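Subject: The structure I promised you

Hello,

Here is the structure we talked about, ready for you to open. Have a look around it, and then read on for my notes.

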Amino acid sequence: MTSNDTRNHIIHTGADLIGQKGFGATGINAVLTAAGVPKGSFYHYFSSKNDFGLAVIDTFAQEYDTKLDRILNDHTRSAVDRLRAYFDTGLETMTSCEFTRGCLIGNLGQELAGQNETFRRRLDTVFQGWEKRFERCVEEARQAGDIDASIDPADVASFLLSGWEGAILRAKVLKSTEPMERFVRVFFRQCLGLH
């Protein structure tokens, strides 16, 4: 593996463990053992566990941004259909991990935002980027006349992000997609005025 491959391997292995156990409960040794990488390699790439945590956030955010852009910028579908596709992808992901992970950024936000200002700011920046993407998609639906012109895309995008993250948390706790499905129903009916 190249140097960059090794770094990415450590990040992805760590992200998987953090997704299961949380950041605080995930030790560096556990990450290195799971990655099959010697301890010296960790400190070659990361100055501290916090530096590693920020790299996990950045890597996950970049990958998720790409996924979001692929779904929300697919102009072969209407903006409303793109939003439906986004939710469908989230439901599939939650089912495929058997309700054990949820959203890595959401999980880290719950765990770390009150403890570490650097993490809080980085996570907030990630959430703001997602919210802007949702806002653009809702605005496209408004411009196309697919939803009421009086709808405020910024408000709807903020509600989408907060409500969806909450629904993901509830799905993990219940081990059921029902809270996510309910959110989607309410979102399209009550927020967008669709049935």
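Let me begin with a question: which residues of α8 are buried? In this predicted model, they are Pro 153, Val 156, Ala 157, Leu 160, Leu 161, Gly 163, Trp 164, Glu 165, Ala 167, Ile 168 and Ala 171. An α-helix has 3.6 residues a turn, so residues three or four places apart point the same way.

At its start, a side-chain oxygen of Asp 152 comes to within 2.9 Å of the backbone nitrogen of Ala 154. Just after α8 comes Lys 175, with a positive phi of about 55°, although Lys 175 is not a glycine. You will find Lys 175 in the loop between α8 and α9.

Next, please turn to α5. Buried in α5 are Ala 79, Val 80, Arg 82, Leu 83, Ala 85, Tyr 86, Phe 87, Leu 91 and Met 94. The helices that these buried residues pack against are α4, α7, α8 and α9. After α5 comes Glu 98, and the phi of Glu 98 is positive, near 55°.

How do α5 and α9 run relative to each other, parallel or antiparallel? Their axes come within 11 Å and cross at roughly 170°. Angles over 145 degrees count as roughly antiparallel, and α5 and α9 are therefore roughly antiparallel to each other. On the α5 side, the contact is made by Val 80, Leu 83, Arg 84, Phe 87, Gly 90, Leu 91 and Met 94. On the α9 side, Met 180, Glu 181, Phe 183, Val 184, Phe 187 and Phe 188 take part. By class, the residues of this contact of α5 with α9 are ten nonpolar, one polar and two charged.

Now for the start of the chain. Helix α1 (3-21) has 19 residues, which should span 27 Å at 1.5 Å a residue; the end C-alpha atoms are 27 Å apart, in agreement. Its buried residues are Thr 6, Ile 10, Ile 11, Thr 13, Gly 14, Ala 15, Leu 17, Ile 18 and Gly 19. What covers them includes α2, α3 (39-45), α4 and α6. Gly 22 follows α1 and has a positive phi, near 95°.

From α1, the contact uses Arg 7, Ile 10, Ile 11, His 12, Gly 14, Ala 15 and Ile 18, while α4 brings Phe 52, Ala 55, Val 56, Thr 59 and Glu 63. The contact of α1 with α4 has seven nonpolar, three polar and two charged residues.

- Thr 26 sits in the loop between α1 and α2 (28-35). Its relative accessibility is 4%, so Thr 26 counts as buried. A polar atom of its side chain lies 2.6 Å from the backbone oxygen of Gly 22. Not counting residues up to four places away in sequence, Thr 26 touches Leu 17, Ile 18, Lys 21, Val 31 and Lys 49.
- Thr 59 belongs to helix α4 (residues 49-72). With 12% relative accessibility, Thr 59 counts as buried. Its side chain reaches the backbone oxygen of Ala 55 at 2.9 Å. Leaving aside neighbours within four places in sequence, Thr 59 is in contact with Ile 11 and His 12.
- Thr 125 is part of helix α7. At 53% relative accessibility, Thr 125 counts as exposed. Thr 125 and Ala 61 are 64 residues apart along the chain, and their C-alpha atoms are separated by 9.8 Å.

Technical notes
Residues are numbered from 1 along each chain as its sequence is written. This is a predicted model: local features need pLDDT of at least 70, side-chain atom pairs count only at pLDDT 80 or more; totals for chains, interfaces and linings use all residues. Side-chain values use heavy atoms; hydrogens and water are left out. Buried means under 20% relative accessible area, exposed over 50%, partly exposed in between (1.4 Å probe, protein chains only). Helices (H or I, at least four residues) and strands (E, at least two) are DSSP runs, numbered from the N terminus. A polar contact is a pair of N or O atoms within 3.5 Å; within protein, one must be able to donate a hydrogen and the other to accept it, and residues adjacent in sequence count only if both atoms are side-chain atoms. Axes are lines fitted to C-alpha atoms, for helices over the stretch in contact, and angles run from 0 to 180 degrees between N-to-C directions. Angles under 35 degrees count as roughly parallel, over 145 as roughly antiparallel, 65 to 115 as roughly perpendicular and the rest as oblique. Contact means heavy atoms within 4.5 Å. Ala, Val, Leu, Ile, Met, Phe, Trp, Tyr, Cys and Pro count as nonpolar, Asp, Glu, Lys and Arg as charged, and the others, Gly among them, as polar. The expected span of a helix is 1.5 Å times one less than its number of residues.
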